[in-house]
Amino acid sequence: MPDDDVPPTGPLDALTDVDGIRVGHARVPGGLALSGTTVVLAPTGGAVAAVDVRGGGPGTRETDALDPRNLVQRVDAVVLTGGSAFGLDAASGVTAWLEERGRGVPVGPEPGQVVPVVPAACLFDLG
């Protein structure tokens, strides 16, 4: 591919070059720990997302909501984590944080009555 055909990148050539996207990461403390969690936070109003789940033992949460036949059209955040099923629980903290800020799918007449959409996927990196 000639250089003329390469799309321009942002200043960091990273996901965070996308306007409004924020990324955070935390790892399990300790020199021998090899697990962590990454959160991709969409801008207010959410972001369009899709998923392709593969493998014989997928660990996911809310990924079925991304099926185009379903009501969900945007996600508020995505959690990618280690720690197997334990790591998936990190999405609960992200969901609570978003709800406290009134971000999510409206489910009632009041502005704060929302359900944040936070799909998550984990991998097995224990032991």
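These legends go with several close-up views of a predicted model.

In this predicted model, local features need pLDDT of at least 70 and side-chain atom pairs count only at pLDDT 80 or more, while totals for chains, interfaces and linings use all residues. Residues are numbered from 1 along each chain as its sequence is written, and side-chain values use heavy atoms, with hydrogens and water left out.

**View 1. The open sheet has 5 strands in the order E1-E2-E4-E7-E3.** Helices (H or I, at least four residues) and strands (E, at least two) are DSSP runs, numbered from the N terminus. Two strands count as paired if DSSP finds at least two bridges between them, and the pairing in this sheet is mixed. E1 and E3 stand at the edges with a single partner strand each, so one side of each has no neighbour in the sheet. From one strand to the next, the twist averages 10°; axes here are lines fitted to C-alpha atoms, for helices over the stretch in contact, and angles run from 0 to 180 degrees between N-to-C directions.

View 2. Start at strand E1 (residues 22-27), which pairs with E2 in the antiparallel sense over 6 bridges,. How many of the 6 residues of E1 are buried? The number is 0, so E1 lies largely in the open. Buried means under 20% relative accessible area, exposed means over 50%, and partly exposed is in between (1.4 Å probe, protein chains only).

**View 3. Strand E4 has a covered face and an uncovered one.** Ala-77, Val-79 and Thr-81 make up the covered face, whereas Val-78 and Leu-80 belong to the uncovered one. Moving on to E7, the strands E4 and E7 run parallel and are joined by 3 bridges. Val-79 has Ala-120 in E7 as its bridge partner.

**View 4. Helix H2 lies across E2, E3, E4 and E7.** The helix runs at about 160° to E4. Which residues of H2 (residues 90-100) are buried? They are Ala-91, Val-94, Thr-95 and Leu-98. These four cover an arc of only 100° around the axis, which puts them on the same side of H2; the arc is that of the directions from the helix axis to the C-beta atoms. The buried residues of H2 pack against strand E2 (36-41), strand E3 (59-61), strand E4 (77-81), helix H1 (84-88) and strand E7 (120-122). Just after H2, Gly-102 takes a positive phi of about 70°.

**View 5. Thr-95 is one of the buried residues of H2.** Its relative accessible area is 16%. The backbone oxygen of Ala-91 lies 2.8 Å from a polar atom of the Thr-95 side chain; a polar contact is a pair of N or O atoms within 3.5 Å, where within protein one must be able to donate a hydrogen and the other to accept it, and residues adjacent in sequence count only if both atoms are side-chain atoms. Leaving aside neighbours within four places in sequence, Thr-95 is in contact (heavy atoms within 4.5 Å) with Arg-61, Pro-116 and Val-118.

**View 6. Glu-62 and Ser-84 each have a positive phi.** Most residues other than glycine have a negative phi. Glu-62 has a phi near 60° and sits in the loop between E3 and E4. This residue is partly exposed, with a relative accessible area of 32%. Ser-84, in helix H1, has a phi near 55°.

**View 7. The structure holds 3 salt bridges.** A salt bridge is a side-chain nitrogen of Lys or Arg within 4 Å of a carboxyl oxygen of Asp or Glu. Asp-52 and Arg-54 meet at 2.7 Å, N to O, and both are exposed. Asp-67 and Arg-69 also meet at 2.7 Å, N to O; Asp-67 is partly exposed at 22%, while Arg-69 is exposed at 74%. Glu-100 and Arg-101 meet at 3.4 Å, N to O. Glu-100 is exposed at 62%, and Arg-101 is partly exposed at 44%.
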